[in-house]
Amino acid sequence: MALVPFDDRDGWIWLDGAFVPWRDAKIHILSHAVHYGSAVFEGERMYNGRIFALEEHTERLINSAALLDFTIPFDGDAINAASIATCVKNGFTDCYVRPIAWRGAEQLSVSARETKIHLAIAVWDWPKYFDEEKFARGIRLCWAKYRRPPANSAPTAAKAVGLYMICTVSKNAAERDGYEDALMLDTEGNIAETTGANIFFIRDGVLHTPIADRFLDGITRRTIIAMARARGLEVIDRRISPLELDTFSECFVVGTAAEVTPVGEIAEHRFTPGPITFGLADGYAALVRGEPPAKAHQTIRTVTVSA
Ligand code: PMP
């Protein structure tokens, strides 16, 4: 399938308060964000005309900017309204939503306090990669080349573009080697997350997930923890060593893009997706679509795990 470049599409992008034709939503090459990584973003999805957890995503966007020492010149209500308006303007009821805020070109040095802050929101159709077979057996992960930086070395709670540099390198290598994604450790050698999703393990009916104090505390992660507990399942968030991998029977990753995606392999370790994973996947699919859980198994699932 030929790739449609992201700068050459039809539609409208919301840029600093107004809609501009898709191809005209440009920035100057000397923008601070391009050189120094001073940008934060979100990844959201609209299902059946509603952006799932919109307020939480917008709140995280504003907080990510604060962690990078800048203030987005629109408040949460304005960003929420603009996000929905961008979906409507482009005629979508189901799509991916990408707000991004960045420092402009007024200063091009490490110091950046005089730069203007911009905000854009783009939306696009989410590719429907229907692959029930891969979903059923689980995706394959390898170990990432890089580890997540510790919280005293980077603003790890921010969804900041700079933190994705090591993710892209790791994910590219994984794909070249025939895996779907790479699993990253923290600097102490505990399991952290994949390059664009949080991870859960199951042992004897209990869910285990790494504490999100050194990598992105995903909104899907929080949703799944709440859903599992509401179903009477025990969820323990703790440090998880790679040495424990063979003691887990199931594994899955979660994220706005990944939704709930079963994992079948992590390097030499094998997992068999089972009823708890599939039950949570169906429950999540129903929740985001505002449907009763029983209908969820009819929906198309994505196995693309991206940020
Ligand atoms: N970790 C990383 C590195 C991510 O890019 C994402 C996707 N935004 C997640 C975790 C999951 O976050 P969320 O559930 O909020 O999409």
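1. A residue counts as buried under 20% relative accessible area, as exposed over 50%, and as partly exposed in between. Glu188, at 57% relative accessibility, therefore counts as exposed. The model discussed here is a predicted one.

2. Start with the domains. The protein is divided into domain 1, residues 12-124, and domain 2, residues 132-304. Their contact draws 20 residues from domain 1 and 23 residues from domain 2. The centres of the two domains, taken over C-alpha atoms, lie 26 Å apart. Between them, domain 1 and domain 2 bury about 1,800 Å². Carbon and sulfur atoms carry 64% of that area.

3. How many salt bridges are counted between domain 1 and domain 2? The count is 1. Separately, Arg45 and Glu259 pair through their side chains in a salt bridge, at 3.8 Å from N to O. Arg45 is also one of the residues in contact with Thr256.

4. Thr256 deserves a look. It sits in the loop between β14 (250-255) and β15 (259-266). Its relative accessibility is 16%, so Thr256 counts as buried. Neighbours within four places in sequence aside, Thr256 contacts Gly43, Glu44, Arg45, Tyr47, His57 and Thr220. His57 is also among the buried residues of helix α2.

5. Now helix α2, residues 54-67. With 14 residues at 1.5 Å a residue, α2 should span 20 Å. Which residues of α2 are buried? They are Leu54, His57, Thr58, Arg60, Leu61, Ser64 and Ala65. Viewed down the axis of α2, these buried residues fall within an arc of 160°, so they line one face of the helix. After α2 comes Asp69, with a positive phi near 70°.

6. Two further residues have a positive phi. Most residues other than glycine have a negative phi. Asp16 has a positive phi, near 50°. Asp16 lies in the loop between β1 (12-15) and β2 (18-21). With a relative accessible area of 29%, Asp16 is partly exposed. Ala267 is not a glycine either, and its phi is positive at about 50°. The loop between β15 and β16 (269-270) holds Ala267. At a relative accessible area of 15%, Ala267 is buried.

7. Phe74, in the loop between α2 and α3 (76-89), is partly exposed at 23% relative accessible area. Sequence neighbours within four places aside, Phe74 is in contact with Trp14, Asp16, Gly17, Ile79 and Leu119. Lys116 lies in the loop between β6 (95-103) and β7 (117-124). Its relative accessible area is 45%, so Lys116 is partly exposed. Not counting residues up to four places away in sequence, Lys116 touches Asp16, Trp102, Arg103, Gly104 and Glu106.

8. Next, the salt bridges. Side chains of opposite charge can pair when their charged atoms come close. The count comes to 20 salt bridges. One of them joins the side chains of Arg23 and Asp8, at 2.6 Å from N to O. This pair links distant parts of the chain, 15 residues apart: Arg23 is in the loop between β2 and α1 (32-36), and Asp8 is in the segment before β1. Arg23 is partly exposed, at 37% relative accessible area. Asp8, at 41%, also counts as partly exposed.

9. Arg214 has two salt bridges to describe. The side chains of Asp186 and Arg214 meet at 2.8 Å, N to O. Asp186 is in the loop between β9 (181-185) and β10 (191-194), while Arg214 is in the loop between β12 (206-210) and α6 (219-230), 28 residues apart. Are Asp186 and Arg214 buried or exposed? Both are buried. Arg214 also meets Glu188 in a salt bridge, at 3.2 Å from N to O. Glu188 is in the loop between β9 and β10, 26 residues from Arg214. Arg214 is buried, with a relative accessible area of 14%, whereas Glu188 is exposed at 57%. Salt bridges that share partners join Asp186, Glu188, Asp213, Arg214 and Arg239 into one network.

Key:
Residues are numbered from 1 along each chain as its sequence is written. This is a predicted model: local features need pLDDT of at least 70, side-chain atom pairs count only at pLDDT 80 or more; totals for chains, interfaces and linings use all residues. Side-chain values use heavy atoms; hydrogens and water are left out. Helices (H or I, at least four residues) and strands (E, at least two) are DSSP runs, numbered from the N terminus. The expected span of a helix is 1.5 Å times one less than its number of residues. Buried means under 20% relative accessible area, exposed over 50%, partly exposed in between (1.4 Å probe, protein chains only). The arc is that of the directions from the helix axis to the C-beta atoms. Domain bounds come from an automatic or database domain assignment. Contact means heavy atoms within 4.5 Å. Buried area is the accessible area (1.4 Å probe) that two parts lose on being put together, summed over both. A salt bridge is a side-chain nitrogen of Lys or Arg within 4 Å of a carboxyl oxygen of Asp or Glu.
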